[in-house]
Amino acid sequence: MSARTHRGELMKNRIRTTMAVAATAVLSLSAAACSSGDGGSTPKKSPGALISADRCEKNKAAGEIVYLSGYQWQASASILEYAAAEKLGYFDDLCLNVTLQAGTGDVAQNTKLLAGGQVTFSPVSQQDILTANSHYIEVQGISSYSTVDLEILMTMPDVKDLKQLDDTTLGQKGAMPVGVQAMLMKAGAKYDTIQQTVVGYDPSVLPKGEVKSLTGFISNEPVALKAAGENVTVWRPSDYQVPGSLGSMAVNPEFAKTNPTATEDVLRAALHAYAYCSEHAAECVKFTADLDKANPASYGYDAAANVGIWNTETKVVKDSLKSGKPLGTIDNGNVQALATMLNEYTQTEITPEEAEAEFSPEFIKNIYDGDKLIWPAP
């Protein structure tokens with residue numbers, strides 16, 4: 001990896017808190033666009049019985065594989081399916097010894113743990129992978145579900161144009177999402193006149209008038225506000241041609257180099273579980289709810305809210321997935337666009353070649369036949 005100038009800490013803390021939702025969540029979900037033939041099949045009892053003895057031995061030799069979630073056991077894409085793969089026995093089917101750990105939502109900490117080898121896999125957005133590597137924190141991107149980000153800006157309905165936010169107060173959670181910043185500037189708002197203030201995780205500060213706009217995630221705050229009877233306008237960076245990512249996965253580079261079949265098969269098991277959870281959302285949320293019960297950092301778990309989070313995020317994935325592209329495919333054009341955005345708005349100096357080198361598309365390619373997931377492994 002080429003050396004780059006260190007320009008200070010630019011990592012975003014994307015802590016997301018599960019919002020309580022009073023409305024009944026929709027439990028039916030469109031099937032994943034790239035499921036295996038029998039996506040919802042019940043796993044066999046015998047560990048490793050589905051794959052060749054040689055591959056099983058290679059996966060066992062990888063040792064303990066630590067998966068660290070993005071934020072607690074929230075039912076997000078890149079979290080729920082990994083919990084389900086463990087609970088449904090899919091990791092066992094592929095002779096993988098996977099340990100699940102709950103993350104705090106601190107992306108900077110997750111990338112440092114990945115780079116240091118204390119963690120093997122963790123959800124990290126493509127833009128955060130680029131930022132981490134620009135600060136010599138070496139992590140490797142291996143999959144991404146979408147080029148559309150979940151980060152949004154919310155206003156009350158009286159705001160019809162983002163230029164109306166000039167000279168107003170914007171609430172954020174500790175750091176300004178670069179995609180939201182790019183959206184405001186592309187929309188012609190005078191960004192430097194917008195006063196930013198750190199707010200908590202109660203989105204009612206927006207309808208109360210304490211801020212004029214509020215950052216958040218499309219699967220969280222708008223759902224909670226709607227359930228509370230508040231109508232807000234959601235502004236999405238993707239509508240302004242701002243690149244993003246959703247459900248991206250990163251791995252410790254040394255582990256991936258040493259254990260390519262195990263790296264492939266962790267993704268394989270998770271994607272098989274993604275297909276299952278697309279048809280059994282409520283059941284899969286019970287898996288994360290059980291994990292949350294054992295988590296001393298839990299703030300309480302709202303199953304209905306988490307079904308809503310899963311449904312919302314997987315719909316974003318489905319709506320943005322290009323026909324014929326396997327789920328998880330890394331889009332090099334999007335990677336380059338993200339690097340350009342970071343260079344413009346956060347003063348990194350990432351070349352297109354450096355950006356592409358931080359992602360390894362071969363792991364996803366190797367587990368598909370066309371756009372069909374190969375299950376089980378060879």
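## Close-up views of a predicted model

**View 1. Tyr136 in a loop of the predicted model.** Tyr136 sits in the loop that runs between helix 5 (126-134) and strand 4 (140-143). This model is predicted. Phi of Tyr136 is near 65 degrees, a positive value in a residue other than glycine. Most residues other than glycine have a negative phi. Tyr136 counts as partly exposed because its relative accessibility is 45%.

View 2. The loop between helix 3 (90-93) and strand 2 (97-101) holds Cys95. Is Cys95 buried or exposed? Cys95 has a relative accessible area of 7%, so it counts as buried.

**View 3. The cis peptide bond from Trp375 to Pro376.** Omega of this bond is near 0 degrees. Pro376 belongs to the segment after strand 12 (372-373). Most peptide bonds are trans.

**View 4. Thr155 in strand 5.** The relative accessible area of Thr155 is 0%, so this residue is buried. Thr155 and Trp235 stand 80 residues apart in sequence, yet their C-alpha atoms are 7.9 Å apart in space. Their side chains make a polar contact (2.9 Å). Not counting residues up to four places away in sequence, Thr155 touches Leu165, Leu206, Lys212, Ser213, Val232, Thr233 and Trp235.

**View 5. Thr168 in the loop between strand 5 (151-155) and strand 6 (169-172).** Thr168 counts as buried because its relative accessibility is 16%, and the cut-off for buried is under 20%. Beyond residues up to four places away in sequence, Thr168 touches Thr193, Ile194, Gln195 and Lys212. Lys212 is also among the residues that Thr155 touches.

**View 6. Lys186 in helix 6 (residues 178-186).** At 48% relative accessibility, Lys186 is classed as partly exposed; exposed would need over 50%. Which residues does Lys186 contact, leaving aside neighbours within four places in sequence? They are Tyr240, Gln241, Val242 and Tyr345. Gln241 is 55 residues from Lys186 along the chain, and 9.0 Å separates their C-alpha atoms.

**View 7. Helix 11 (residues 303-320) and its packing.** Helix 11 has 18 residues. At 1.5 Å a residue it should span 26 Å, and its end C-alpha atoms are 26 Å apart, so the two values agree. Asp302 caps the N-terminal end: a side-chain oxygen lies 3.1 Å from the backbone nitrogen of Ala304. The buried residues are Ala305, Asn306, Val307, Gly308, Ile309, Trp310, Asn311, Glu313, Thr314, Val316 and Val317. Which helices do the buried residues of helix 11 pack against? Their partners are helix 2 (80-87), helix 9 (260-279) and helix 10 (281-293). An α-helix has 3.6 residues a turn, so residues three or four places apart point the same way.

**View 8. The second largest pocket.** Its volume is about 250 Å³. Of the 15 residues that line this pocket, Thr147, Lys322, Lys325, Thr329 and Asp331 are the closest to its centre. How many of the lining residues are nonpolar, polar and charged? The lining divides into 4 nonpolar, 8 polar and 3 charged residues.

Conventions:
Residues are numbered from 1 along each chain as its sequence is written. This is a predicted model: local features need pLDDT of at least 70, side-chain atom pairs count only at pLDDT 80 or more; totals for chains, interfaces and linings use all residues. Side-chain values use heavy atoms; hydrogens and water are left out. On a 1 Å grid over the protein atoms alone, a cavity is a set of points where a 1.4 Å probe fits but cannot get out, and a pocket is an open set with protein on both sides within 12 Å along at least five of seven lines; lining residues have an atom within 4 Å of a point. Grid points are joined across faces, edges and corners, and a volume is the space filled by probe spheres set on the points. Ala, Val, Leu, Ile, Met, Phe, Trp, Tyr, Cys and Pro count as nonpolar, Asp, Glu, Lys and Arg as charged, and the others, Gly among them, as polar. Helices (H or I, at least four residues) and strands (E, at least two) are DSSP runs, numbered from the N terminus. The expected span of a helix is 1.5 Å times one less than its number of residues. Buried means under 20% relative accessible area, exposed over 50%, partly exposed in between (1.4 Å probe, protein chains only). Contact means heavy atoms within 4.5 Å. A polar contact is a pair of N or O atoms within 3.5 Å; within protein, one must be able to donate a hydrogen and the other to accept it, and residues adjacent in sequence count only if both atoms are side-chain atoms.
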